[in-house]
Amino acid sequence: MLTIGVLVSGGGTNFQAIIDAIASGQLTDTKIVTLVSSNPNAYALERAKKHNINATCIRKKDYETDILYQQALIDHMKEKKVELVVMAGFMVVIGSLFIKEFENRIINIHPSLIPSFCGNGYYGLKVHEAALEKGVKVTGATVHFVTEETDAGPIIMQKPVAVLEGDTPEQLQKRVMEEAEWKILPDSIQLFAHNRLKVIENHVKIC
């Protein structure tokens with residue numbers, strides 16, 4: 001049974017997608033053992049409460065240094081015996097201490113087809129605003145392992161989504177979530193849970 005800890009900052013729609021995938025049997029041999037929010041007002045905390053999932057808020061500003069913050073996250077994940085960390089809309093930059101502790105055991109969902117519209121400054125609606133400004137016809141979502149370089153880790157899965165005439169950033173965001181994010185995040189966790197992912201020289205091989 002794979003134990004996962006989920007990191008969120010907001011509403012937790014991807015967190016809910018994982019919950020739903022476990023409930024439906026799409027995602028097997030997996031249990032969410034904790035949810036950590038960077039925001040005490042995140043609706044994701046209510047989702048966790050509703051589903052009887054351990055949840056807590058660990059805020060970066062409550063710690064004197066970034067190292068102490070990272071250590072608090074590490075300690076919590078270890079206490080809950082987390083085997084895979086899932087960043088599901090987490091708006092805080094994770095430092096090298098945490099990343100090294102969970103090397104190749106942290107995955108992130110990003111709302112574009114990496115390497116497009118990714119890296120520092122590309123998050124939330126900003127990603128979709130940039131895609132519309134550029135005039136791309138196809139966007140999508142990417143699940144990748146987390147490394148010290150933002151959005152640059154080995155790619156696990158990607159799914160394209162069409163950009164429609166007249167799309168607003170909000171409409172595009174909703175469609176990317178529904179058609180891509182909520183599908184490939186549970187699918188990627190399923191692959192990890194069944195030992196089907198191997199990282200070889202910054203590339204992911206699916207066995």
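These legends describe close-up views of one predicted model.

In this predicted model, local features need pLDDT of at least 70, side-chain atom pairs count only at pLDDT 80 or more, and totals for chains, interfaces and linings use all residues. Residues are numbered from 1 along each chain as its sequence is written, and side-chain values use heavy atoms, with hydrogens and water left out.

View 1. Helices (H or I, at least four residues) and strands (E, at least two) are DSSP runs, numbered from the N terminus. Helix α1 has 12 residues, and its end C-alpha atoms are 16 Å apart. That agrees with the 16 Å it should span at 1.5 Å a residue. (The expected span is 1.5 Å times one less than the number of residues.) Its buried residues are N14, F15, Q16, A17, I18, I19 and A21. Buried means under 20% relative accessible area, exposed over 50%, partly exposed in between (1.4 Å probe, protein chains only). The buried residues of α1 pack against β1, β2, α2, β4, β5 and α6. G25 follows α1, with a positive phi near 90 degrees.

**View 2. Helix α6 and its kink.** Helix α6 runs over residues 169-193. From first C-alpha to last, α6 reaches 34 Å, close to the expected 36 Å. A kink of about 45 degrees is centred on M177. The bend at a residue is the angle between axes fitted to the seven residues ending there and the seven starting there. After α6 comes N195, whose phi is positive, near 55 degrees.

**View 3. T139 in strand β6.** T139 sits in β6, residues 138-145. T139 is buried, with a relative accessible area of 3%. Contact means heavy atoms within 4.5 Å. Leaving aside neighbours within four places in sequence, the contacts of T139 include P111, L113, P160, L172 and V176.

**View 4. N202 in a loop.** The loop between β8 (197-200) and β9 (203-206) holds N202. N202 is partly exposed, with a relative accessible area of 44%. Not counting residues up to four places away in sequence, N202 touches A152, G153 and P154. N202 and T147 are 55 residues apart in sequence. In space, N202 and T147 are 9.7 Å apart, C-alpha to C-alpha.
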